[in-house]
Amino acid sequence: MIRTEKLTKTVPTSEGLLTILKNVDLDIAEGEAVAIVGESGSGKSTLLGLMAGLDSPSSGDVVLDGNSLVALDKEERAILRGQLVGFVFQSFQLLPSLTALENVMLPIELKGDPDARNKASNLLSRVGLEKRWHHYPNQLSGGEQQRVAIARAFASEARILFADEPTGNLDTATGARVIDLLFELNKEYATTLILVTHDERLAEKCGRKIKLVAGEVVSDRKVEEITHE
Amino acid sequence: MSDAALTHKRSFLSLFRLSLTLLWRDWAGGELKLLFLALVMAVTSVTGIALFTDRLEQALLLESANMLAADRVLSGRQEVPRQWITEAASQGLQTAETISFTSMVFSDTANLLVSAKAVSSSYPLRGELIAADEPFIRGIPVEGGPVPGEVWLESRVLPALDIDVGDSIYVGEAELRVGKVLVVEPDRQQGGMVDNAGPRLMLNLADVPVTNVIQPGSRVSYRYLFAGDEDTLDVYGAWLQEQSEGQSRLRDVRDESEEVSDALNKAESFLLLGSLFAVLLAGVAIALTAKRYSERHYDYVAILKTLGCTSNQISVIYISIQIVLAAIAIVVGWFAGWIIHHLILQILSSIIVVDLPPASFQPFIIGSLTAFICLLSFALPPLLALRHTSPLRVLRKDIDQTKIGAHVPYIVGITGSVFLILWYSQDLVLTSVLVLSVAAITLFLSVVSYLLLRSSSSVGMKAGSAWKLAMSATRRRRKQNVLQVLVFSITIMSLLVLTLLRTDLIDDWQAQLPENTPNHFLMNVTQSQVEGIQNFFDENGIEQNIFYPMFAARLNSINGEPPRSRFFDGEEERGNITERGAQQAEQGDADDAVGQESASEGSDSTGSRGRRPTRQITWTDILPPDNQVIAGQWWDANTPAGMVSVEADYARQLGINIGDEIEFEANQQTFTVAVQSIRTVRWDNMQPNFYFIFSSGTLDHLGATYLSTVLMEQEQKILLNDLLRLFPTIIVIEIDALIEQIQNIIAQVTSAIELISILVLACGALVLLSCVNATLDERFRENAILRTLGAGRKLILTSLLIEFASIGFIAGIIATVGAEGSLYYLQEFVFEQDFHMHYWVWIAGPLIGMVVIAMLGINSTRRVVNVSPLNVLRQL
């Protein structure tokens with residue numbers, strides 16, 4: 001479903017080029033749940049951004065469902081994102097001017113689907129927010145906002161879900177409930193999940209764990225194997 | 001429709017619905033209010049000003065046309081070919097004719113010298129005649145003048161001739177019945193001073209041959225009146241010039257009355273300048289608010305892009321928001337502009353005496369186009385930058401916003417501004433001058449404000465902690481602050497320029513014709529009559545003015561050399577009511593010269609004695625009002641004879657300096673005087689003014705007639721009969737109607753100027769508010785962090801106060817310098833006023849800048865200390 005080939009990202013600094021990612025080769029199959037772990041600054045979020053087509057690599061390529069992202073321009077990547085990809089972010093990234101329902105309706109509407117309202121309300125009910133449809137993000141708690149974000153991510157019927165530290169802004173209990181919901185829906189919708197986290201316990205919920213150190217993949221193993229060892 | 005097309009249409013509708021939702025929510029959240037207000041201000045200012053000026057200008061032109069009783073006039077001392085008039089009629093113009101002359105009229109018991117005016121049946125073409133059935137009452141408007149066989153007389157003629165309405169009088173050989181009392185005639189002051197040297201008698205043009213008063217050589221003034229649309233008048237004017245080989249041309253009120261023309265030209269320049277300032281300030285406010293709006297939407301766009309929105313879809317969303325917002329702003333602006341112009345018209349209803357023509361739709365189109373040009377020029381560049389927002393911002397907020405080119409917003413904004421200036425002024429030269437001046441001022445202000453802000457570091461370190469905090473904040477945001485100081489400076493400067501210009505213009509006009517301006521000239525007064533006339537006025541409680549001895553003298557030489565100047569090469573000179581009146585009075589009916597009148601009717605009489613000028617001269621020990629000595633010294637009663645004071649422009653033209661010896665010739669005697677002083681004269685004050693004033697004793701032996709002025713109210717005018725009965729040889733020239741008309745016009749344009757000033761002030765306030773708001777987010781963030789670190793409310797508020805006050809103070813200083821510089825240019829080269837420094841502004845400018853900016857800044861940022869830091873940080 002996702003393949004990275006010699007993926008490298010460098011950025012110019014006052015002291016010369018800084019390499020954030022170096023020759024990352026990955027192959028993620030459809031329906032797989034993959035955790036990308038590593039310390040702060042190890043390049044996790046950069047890798048997520050490149051895989052999701054939010055950023056362009058300095059060299060190498062990302063192939064998303066058979067589409068080479070390097071071959072696509074920004075606009076084509078945006079269209080591809082709209083068709084294939086859903087996101088859940090640490091800071092929720094809801095549009096503050098829209099209600100919970102409108103936030104969830106948005107990706108469905110952008111696809112031109114006339115049934116956006118029904119689908120969005122069903123999803124909100126599914127994440128337990130049936131009584132909070134018309135609340136704005138600033139009227140919701142952090143956990144509720146993240147549930148809206150999860151509902152939105154699944155609303156577009158995405159085949160790949162990128163989650164960047166989804167519990168980073170939540171307390172432990174809330175975070176656990178949100179993660180349970182995320183995995184539940186992921187299973188239900190058979191989505192490929194790429195989860196970026198520095199939380200080892202959360203990573204263990206995924207089938208595969210990729211560890212980054214200083215922009216390089218130092219370990220890429222099945223969680224089952226790790227647990228077994 | 002195919003599935004793909006249906007999906008595309010739904011997607012577009014979704015985008016538009018999203019635009020409306022965002023618009024509504026952003027409006028409710030207050031984000032769009034300033035942008036909306038700025039747009040409304042631009043539309044309101046332009047629509048209001050355009051409506052007001054459109055209708056007022058038409059009204060002023062009508063009012064001014066009343067002074068001519070026509071739109072255009074052809075005047076002269078001889079009849080024009082009849083074909084000229086028939087051609088005008090054939091081109092669709094309305095025509096009328098008048099003939100003015102002075103004549104003695106007789107009743108059975110008395111006689112009187114009157115200023116007669118014969119009018120054709122179509123007279124007047126503009127304005128109205130007001131007549132009454134008995135003397136000394138208000139009267140009512142009437143259609144047309146007297147019918148053949150009838151005369152209309154001014155009120156005071158009836159008691160002077162001891163007659164009533166219905167009686168008959170003799171004009172020359174004709175016996176004519178007094179049909180009505182003439183109260184008002186629109187063009188009373190036209191036709192030369194001598195035509196107004198007596199009470200009015202109006203008769204029908206058909207009766208002129210019957211009177212047989214016009215003989216070869218008689219002094220007669222012919223006036224041909226034309227009215228019609230502007231284009232036809234222009235076509236006819238061109239035809240006329242061609243026919244007369246350039247000897248005759250149609251004249252409008254601007255040619256006929258320098259005083260009115262001056263007021264109208266200055267008012268038009270001011271209104272133009274005011275509306276330009278208003279729109280450009282609104283444009284700056286739009287640019288600032290749009291920039292802030294777009295900055296606050298980077299994250300929105302990044303989220304939308306992660307959800308699959310393309311750059312084009314982003315543009316559709318934000319352009320839709322702007323178009324809907326602009327459409328609402330335009331409608332609100334139209335409405336507000338309409339109300340404002342109506343309010344002002346209501347305020348002015350007492351002085352706008354003519355019926356205003358209905359407003360055209362053009363001001364609304366201008367207002368709408370202005371809104372879209374402002375949006376395109378000032379709001380679109382930052383909003384278009386949104387389409388380049390990287391979706392990566394959802395992961396990294398610190399990522400740089402990709403711009404469409406750092407200079408693009410400036411280039412587009414400047415292009416839009418230039419287009420607006422050019423569009424409004426229709427003047428390429430004025431536009432170039434304005435653009436270059438603003439560019440120079442901007443460059444100067446940028447450098448000065450940068451230097452001033454940079455120098456704040458050494459000051460800040462020596463002060464207390466709030467001061468230190470404020471100064472370090474000022475330094476950290478140096479680039480933003482330079483821009484902010486620049487915007488504040490230009491805004492304050494614009495407001496100062498307009499306020500000072502307005503004050504100076506109004507002061508100037510009020511000084512030109514103050515309330516108690518004398519409105520009658522007494523001429524041809526002999527020395528033996530002076531005391532008697534003074535006693536007459538004393539007895540009747542009428543305040544009198546100085547009697548100037550006066551006679552004509554010829555300038556022979558300056559330091560032994562014959563005078564040379566462009567004045568003697570037939571070029572036009574400044575209008576001078578004293579010269580005009582006096583020369584005509586002297587020539588009187590005996591003047592055989594018959595020819596076309598020129599704009600400088602009273603200019604140098606060169607005659608057969610070569611090209612040496614004759615001037616009306618006087619002597620006095622008292623410097624006349626509105627005269628100012630700029631070189632040498634004015635004399636006192638002890639100064640010996642043989643001194644002269646020369647008018648400054650005249651001295652410059654002739655190359656006369658202090659100490660020069662000038663030889664004059666008068667009454668067949670020559671005399672030489674030394675130049676003791678050079679003085680400026682206010683020519684437009686409708687008072688006796690002289691190019692040459694001599695010290696007492698120099699000319700006393702030559703004998704002279706006297707000239708004086710007097711203020712007589714309407715109800716006192718009957719006394720003129722007694723005065724003329726007691727002193728039948730004097731000439732009274734009545735300029736009260738002219739003064740009243742000019743005062744009316746000046747009052748109207750003054751009110752218009754006040755209104756424009758208020759509108760520009762409102763636009764300026766909006767810019768200041770937008771500019772303060774433009775950097776609020778960063779200030780909020782920094783101060784919220786400071787509060788979480790334990791900084792107290794007082795410390796933060798004090799440091800904010802100092803920061804804003806410093807910026808305001810610097811902006812105030814720069815604005816004052818810029819305002820004085822701009823005023824110098826505007827007053828000297830555009831408004832033809834004398835520039836003088838406004839010393840109080842040097843204190844008020846920086847103080848106003850400091851106080852206003854500090855208040856606005858504190859008012860906008862006080863939320864940072866009233867709301868919990870967490871909330872502030874969450875909202876950003």
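Which residue stands opposite B:Phe101 in strand 3 of chain B?

A: The model discussed here is predicted. In strand 3 of chain B, the residue that stands opposite B:Phe101 is B:Ala116.

The surroundings of this pair may be described next. Strand 2 of chain B covers residues 94-106, and strand 2 pairs with strand 3 of chain B in the antiparallel sense over nine bridges. A hairpin of four residues leads from strand 2 of chain B to strand 3 of chain B. Strand 3 itself spans residues 111-119 of chain B and is mostly covered, with seven of its nine residues buried.

Strand 3 of chain B also pairs with strand 9 of chain B, residues 200-204; these two strands run parallel and are joined by five bridges. One position illustrates this pairing: B:Lys117 has B:Met202 in strand 9 of chain B as its bridge partner. Strand 3 of chain B therefore has an antiparallel pairing with strand 2 and a parallel pairing with strand 9, where buried means under 20% relative accessible area.

Elsewhere in chain B, B:Gln78 is found in the loop between strand 1 (72-76) and helix 3 (82-90). The C-alpha atom of B:Gln78 is separated by 9.4 Å from that of B:Arg223, although the two residues are 145 apart along the chain.

Chain A has eight helices and 10 strands. Six of the strands form an open sheet of mixed pairing, in the order 6-7-8-3-9-10. Strand 6 (85-88) and strand 10 (216-222) of chain A stand at the edges; each has a single partner strand, so one side of each is left without a neighbour in the sheet. From one strand to the next, the twist averages 15°.

Within this sheet, strand 7 (residues 160-164) and strand 8 (residues 192-196) of chain A run parallel and are joined by five bridges. A:Ala163 stands opposite A:Leu195 in strand 8 of chain A.

Helix 5 of chain A, residues 142-155, lies across strand 6 and strand 7 and runs at about 175° to strand 6 of chain A. Helix 6 of chain A, residues 172-189, lies across strand 3 (33-38), strand 6, strand 7 and strand 8, and runs at about 155° to strand 8 of chain A.

Another helix, helix 1 of chain A (residues 44-51), is mostly covered, since seven of its eight residues are buried. Among the buried residues of this helix are A:Lys44, A:Leu47 and A:Met51. Just after helix 1 of chain A, A:Gly53 takes a positive phi of about 80°. Over the whole of chain A, buried residues make up 53% of the 229 residues. Among contacts in chain A between residues at least 6 apart in sequence, 66% join residues at least 24 apart.

In one of them, the rings of A:Phe87 and A:Phe162 have centres 5.8 Å apart and planes at 25°, so the pair is stacked. A:Phe87 lies in strand 6 of chain A and A:Phe162 in strand 7 of chain A, so the pair ties together parts that are 75 residues apart in sequence. Both A:Phe87 and A:Phe162 are buried.

In chain B, the rings of B:Trp27 and B:Phe36 have centres 5.0 Å apart and planes at 85°, so this pair is edge-to-face. B:Trp27 is partly exposed, with a relative accessible area of 28%, whereas B:Phe36 is buried, with a relative accessible area of 12%. Chain B also holds one aromatic cluster formed by B:Tyr650, B:Phe664, B:Phe671, B:Tyr691, B:Phe692 and B:Phe694.

The cysteines complete the account. The structure holds zero disulfides over all chains. A disulfide is a covalent bond between the sulfur atoms of two cysteines. A:Cys206 is buried, with a relative accessible area of 3%, and B:Cys309 is buried, with a relative accessible area of 1%.

Key. Residues numbered from 1 in each chain as written. Chains lettered and ligands numbered in written order. Predicted model: local features only at pLDDT ≥ 70, side-chain atom pairs only at ≥ 80, totals over all residues. Heavy atoms only, no water. Disulfide = S-S within 2.5 Å. Buried < 20%, exposed > 50% of the residue type's maximum accessible area, 1.4 Å probe, protein only. Contact = heavy atoms within 4.5 Å. Pairing = 2+ DSSP bridges. Axes fitted to C-alpha atoms, helices over the stretch in contact; angles between N-to-C directions. Phe/Tyr/Trp six-rings, centres within 6.5 Å; stacked < 30°, edge-to-face > 60°.
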